[in-house]
Protein chains: 2
Amino acid sequence: MTNNLNFEGWSCPLPLRDHPNIILGHGGGGKLSAELIEHLFLPAFQNDLLGNLGDSTILSLNGTRLAMSTDSFVVRPLFFPGGNIGELAINGTVNDISMSGARPLYLSAGFILEEGLPLDTLGRIVESMAAAAQAAGVMLVTGDTKVVDKGHGDGVYINTSGIGLVPDELEIGPHQARPGDVVLLSGTIGDHGMAIMSVREGLEFETTIESDTAALNGLVAAMLAASPAIHVLRDPTRGGVASSLNEIAQRSGVGIQIDENKIPVNPAVRSACELLGMDPIFVANEGKLIAIVPPGSAEAVLAAIRQHPLGRQAAVIGRVVEQHPGMLVARTGIGGTRVVAMQIGEQLPRIC
Amino acid sequence: MTNNLNFEGWSCPLPLRDHPNIILGHGGGGKLSAELIEHLFLPAFQNDLLGNLGDSTILSLNGTRLAMSTDSFVVRPLFFPGGNIGELAINGTVNDISMSGARPLYLSAGFILEEGLPLDTLGRIVESMAAAAQAAGVMLVTGDTKVVDKGHGDGVYINTSGIGLVPDELEIGPHQARPGDVVLLSGTIGDHGMAIMSVREGLEFETTIESDTAALNGLVAAMLAASPAIHVLRDPTRGGVASSLNEIAQRSGVGIQIDENKIPVNPAVRSACELLGMDPIFVANEGKLIAIVPPGSAEAVLAAIRQHPLGRQAAVIGRVVEQHPGMLVARTGIGGTRVVAMQIGEQLPRIC
């Protein structure tokens, strides 16, 4: 990969305006989300643990290392091809915990129900959560239910939080990428986001686009068995692969270069993206991971991913470099290069 | 206390109807909430830990005993006399963890924000959460923010989840009450619920009714230092003292008798309750606890509560008995006795 761009004197292409009110983009996992965290949440809750900003936080408790994570789910519609809000809520928190290299164990579930929600609908969602928890090998151990007036909420919002055990030898985190590291991706991108969009926009393709929602803890365990020397794990949900890699580049103070031709995309997802003017690199995934590994371990880790049912289409998609720290640069399909900045706001609201 | 009632052949005074849809009462902490848990959540997520149904669940992790809890907050209005949704969210989860006798340590926060919420409002809530966390000595270590469309949500919903360390020797839980145990209450009841109702109904009294929202972990630590032999701890939030004692009676398979004259109630709360036709025993508290202790420890624990700033008005309010297992019986102000059944639904919707 080469780098044709000159980054001297680079500045943000769009000045961010001051928003006095919350807009949908603040929940989009892009620049606005990051600003909210940096300027509002972090200064108030200042502590070293929160400042790490990984998918989960690592704590020490009586000498035991725990990963803890929380995620609220507000996806619309509640049921979509390939899944529903319930399994998404289980898999999402399982995955956030797994991205520390931790083995997820115990989850909580907080439900905010809208008055008038059919109990039958809730029952289907809860059954599906239970099945997802069992498949992932985690236990749902505590819960809470609140009900809000009809018209507020959207049927069901679910928060899941959870904890897992971090093996002693691991030091995985978004700040651990090093120049020379190899960037791996476990499979096709954009499936979850475009499954949701296809339903919302009423798009029909020859094949239905299905969400990739899945628990990644088994895959991570297989990867760690192949090599514990993994530097970064990330599941590229809101904001997609582009936002995740931008965050890693910034947190690690390195540049990342990827080759767009190497990124697997299902044909139906590519068509849907073209139709809607979207770039799959920014579209949410719910069952994929990025792994950044030292060159000596790349082959072993890639082989382990490909042997797992969730990683058959895994690929090397790029490298970590010393140049342009904090930035993601992509070699485009036609051979040029472009800076892939983090998006300001939200391409797809209410995606998870 | 005597017991003038005959419980032979007792049955529920109101047959519960089958609700095909969620109603506000399902979030009220009464019978409908309990039914939802028993008939929908528990069968799906069946496991022994969830079945304990305490305010928090006790887990074992590498030999370390942890308490874990989750709570979502949907209180309306967001700001009320004596507090706001932010500090309520911190104190609520701190208290749930403390009711296992655990020392709360780490919390997560999941925000569901409504498009259009002034950032200034969010900032005030977050500042107040940070102050409450600092006051309680807990760290907020991980978070998540989602944004929903204008008109959905109500400004802010907050989920907090958390973990704490359970000292080895403790066995505190809602199933541990034994006949002969003494029922202690740490102070006045109904303050939180009536503070919220006064604002909603525009009631004015000579003194403003303020929420009692407070973190109870310091009080619990002082009580355990006085005697670790405590059997049950419970913070009577939704559904008030009556629902908490009913739950304990059912979980422990014992009867509970209380003396209404012994229960401290602020005069303004009593007036507001009379005006609105409410019974303070069913009204939510957010900074009070019930302790059920063996008779030999009652005096020491009561003294410890009274020495704490949050327990000045603590009192012995009743006893655990062998008779009428699963039921709460109150000696009324005029000397009779009545069965205090759990309420079906919700006296005060959206109270926390």
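Mentor: Start in chain B. α3(B) and α4(B) are roughly parallel to each other, because the angle between them falls under 35 degrees. Keep in mind that this is a predicted model.

Trainee: What angle do the axes of α3(B) and α4(B) cross at, and how close do they come?
Mentor: They cross at roughly 30° and come within 7 Å. Helix α3 of chain B covers residues 85-98, and helix α4 of chain B covers residues 119-136.

Trainee: Is the crossing of α3(B) and α4(B) right-handed or left-handed?
Mentor: Right-handed.

Trainee: Which residues make the contact?
Mentor: From α3(B), I85(B), G86(B), E87(B), A89(B), I90(B), N91(B) and V94(B). From α4(B), I125(B), V126(B), S128(B), M129(B), A132(B), A133(B) and A136(B).

Trainee: And how do the residues of that contact divide into nonpolar, polar and charged?
Mentor: 10 are nonpolar, three are polar and one is charged.

Trainee: Switching to chain A. How many helices and strands does chain A have?
Mentor: Nine helices and 14 strands.

Trainee: Why call chain A as compact as a globular protein of that length?
Mentor: Its radius of gyration is 20 Å, and the globule rule gives 20 Å for 352 residues, so chain A is as compact as a globular protein of that length. The C-alpha atoms of chain A fill a box of roughly 55 × 50 × 45 Å along the principal axes.

Trainee: What share of chain A counts as buried?
Mentor: 59% of the 352 residues.

Trainee: What about contacts between residues 24 or more positions apart in chain A?
Mentor: They account for 85% of the contacts with a separation of 6 or more.

Methods: Residues are numbered from 1 along each chain as its sequence is written. Chains are lettered from A and ligands numbered from 1 in the order in which they are written. This is a predicted model: local features need pLDDT of at least 70, side-chain atom pairs count only at pLDDT 80 or more; totals for chains, interfaces and linings use all residues. Axes are lines fitted to C-alpha atoms, for helices over the stretch in contact, and angles run from 0 to 180 degrees between N-to-C directions. Helices (H or I, at least four residues) and strands (E, at least two) are DSSP runs, numbered from the N terminus. Angles under 35 degrees count as roughly parallel, over 145 as roughly antiparallel, 65 to 115 as roughly perpendicular and the rest as oblique. A crossing is left-handed if the near helix is turned anticlockwise from the far one by less than a right angle, and right-handed if clockwise. Two residues are in contact if their C-beta atoms, placed from the backbone, lie within 7 Å. Ala, Val, Leu, Ile, Met, Phe, Trp, Tyr, Cys and Pro count as nonpolar, Asp, Glu, Lys and Arg as charged, and the others, Gly among them, as polar. The radius of gyration is taken over C-alpha atoms; the globule rule is 2.2 Å times the number of residues to the power 0.38. A residue is buried if 20 or more other C-beta atoms lie within 10 Å of its own, exposed if 12 or fewer, and partly exposed in between; C-beta atoms are placed from the backbone.
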